[in-house]
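Here's a quick tour of a model you can follow with the viewer open. Have the sequence handy too.

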Amino acid sequence: MKINGTHYRSLWWNHDAHVLEIIDQRWLPHEFRTQQVTSLQDYADAIREMRVRGAPLIGATAAYGVALAMAQDPSDTNLDAANGLLEKTRPTAINLSWALERCRATLLPLAEKDRADTALQLAHDIADEDVEVNRRIGENGLALIREIATRKPEGEPVRLLTHCNAGWIATVDWGTATSPMYQAHDAGVPLHVWVDETRPRNQGPLTAWELGSHGVPHAYIVDNAGGHLMQHGMVDMVIVGSDRTTAHGDVCNKIGTYLKALAAKANDVPFYVALPSSTIDWTVGDGLTEIPIEERPGEEVSQIFWGKNAADDITPVQVAPDGSPTANPAFDVTPRDLVTGLITERGICEASQEGLAKLFPEHARPA
Ligand code: MRU
């Protein structure tokens, strides 16, 4: 998407320097900083520290990490070591292990001398595919938004609510939840997006920054406002992303998503999840018991993460009392019966084993 008239992806290959460049998302929305990722350890740190974040983006980043490892030492031992280091950076988003497994399966049968070039091309392919898949998710989601728009008086906006940042910077481009928003806005469908703050890491400001840069009308709200807005008929549809969706349709996403789904169910607001098929974990049925939930550092809770103060310094601010214990589960699971539908690159389906099997028959397993 465009920033000040320049088209960016959230990562890109610098062909002259032969190095990956990323947007260091920790500084957004206050500063737009880019960075080169120069060592395998730097790749692992960039993912763990959330310089890059969002399920599809960490998968694509990891693929470039494998390419760097193969350029340095294309042995089986080094392939396993690189996969191991990258995989343990963030445990919940399945796109990371999906990308690493795809790299491993492609590279292992090859002669060592062919691995570096193939790994780099594969990383480019994974990045390009992500862009196309998200564009298609947007087309499919646009149909839902148009349908709501036809039921509204002429010119009245479709009011969406989203949680976290499932935007273009959480993917390689377009985003998942935001792709239908961008496509609806570009098609002239009037929209208004409620953007949840998403404590503790405040991904909401990233979404607000994205939507603002694209001219999409929105309002930034605290996480506790969504239930009230839904009760008062001010939300037509919720669209969120996912870090891992099970073969049975349970949706793991940023902490707080479940509460929004409960409020949506109680108020008859459709609750949709936009996700690429790389986010589906076909080996898992029950999301509540089978998905590892990342526990992140307590400072993310005891402090407000990297705000801008009156002197324009970008700094953390402590909000909890000195020494207060904290807990910081980063994701939660929304059971499938709270999900109205899954918006994928192949179409929209019910959040169920049967629904997913219809769209992805190659993965269907007997119930
Ligand atoms: O912890 P984060 O910021 O990586 O979490 C991101 C999310 O939870 C997104 O909603 C999800 O990855 C979907 S991104 C297209």
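In what order do the 3 strands of the open sheet run, and is their pairing parallel or antiparallel? The order is β3-β4-β5, and the pairing is antiparallel. The edge strands are β3 (11-14) and β5 (34-37), each of which pairs on one side only, and the twist averages 30° from one strand to the next.

A word on ground rules: this is a predicted model, so local features need pLDDT of at least 70 and side-chain atom pairs count only at pLDDT 80 or more, while totals for chains, interfaces and linings use all residues. Residues are numbered from 1 along each chain as its sequence is written, and side-chain values use heavy atoms, with hydrogens and water left out.

- Helices (H or I, at least four residues) and strands (E, at least two) are DSSP runs, numbered from the N terminus; two strands pair if DSSP finds at least two bridges between them.
- β3 pairs with β4 (residues 19-23) in the antiparallel sense over 4 bridges, and β4 also pairs with β5 that way over 4 bridges.
- E21 is a handy landmark: it is the bridge partner of W12, and in β5 its own bridge partner is Q36.
- β3 and β4 make a hairpin with 4 residues between them, and H18 in the turn has a positive phi of about 55°.
- β4 is mostly covered, with 5 of its 5 residues buried (buried means under 20% relative accessible area, exposed over 50%, partly exposed in between, using a 1.4 Å probe and protein chains only).
- V19, E21 and I23 point one way from β4, while L20 and I22 point the other way.
- In a regular strand the side chains alternate between the two faces of the sheet.
- Helix α2 (residues 55-72) lies across β3 and β4, at about 20° to β3. Contact means heavy atoms within 4.5 Å, and angles run from 0 to 180 degrees between N-to-C directions, with axes as lines fitted to C-alpha atoms (for helices, over the stretch in contact).

- Another open sheet has 4 strands in the order β13-β10-β11-β16, with mixed pairing.
- β13 (280-281) and β16 (331-334) stand at the edges with a single partner strand each, so one side of each has no neighbour in the sheet.
- β10 (residues 244-246) pairs with β13 in the parallel sense over 2 bridges, and the bridge partner of T246 in β13 is D281.
- Helix α9 (residues 257-266) holds Y258, and α9 lies across β11 (251-254) and β16, at about 30° to β16.
- Y258 is partly exposed at 33% relative accessible area.

- Most residues other than glycine have a negative phi, and most peptide bonds are trans.
- The L28 to P29 peptide bond is cis, with omega near 5°; P29 is found in the loop between β4 and β5.
- The R199 to P200 peptide bond is cis as well, with omega near 5°, and P200 is in the loop between β7 (191-196) and α7 (204-214).
- T198 lies in the loop between β7 and α7 and has a positive phi near 70°.
- T198 counts as buried because its relative accessibility is 0%.
- W306, in strand β14 (residues 303-308), has a positive phi near 50°.
- At 21% relative accessibility, W306 counts as partly exposed.
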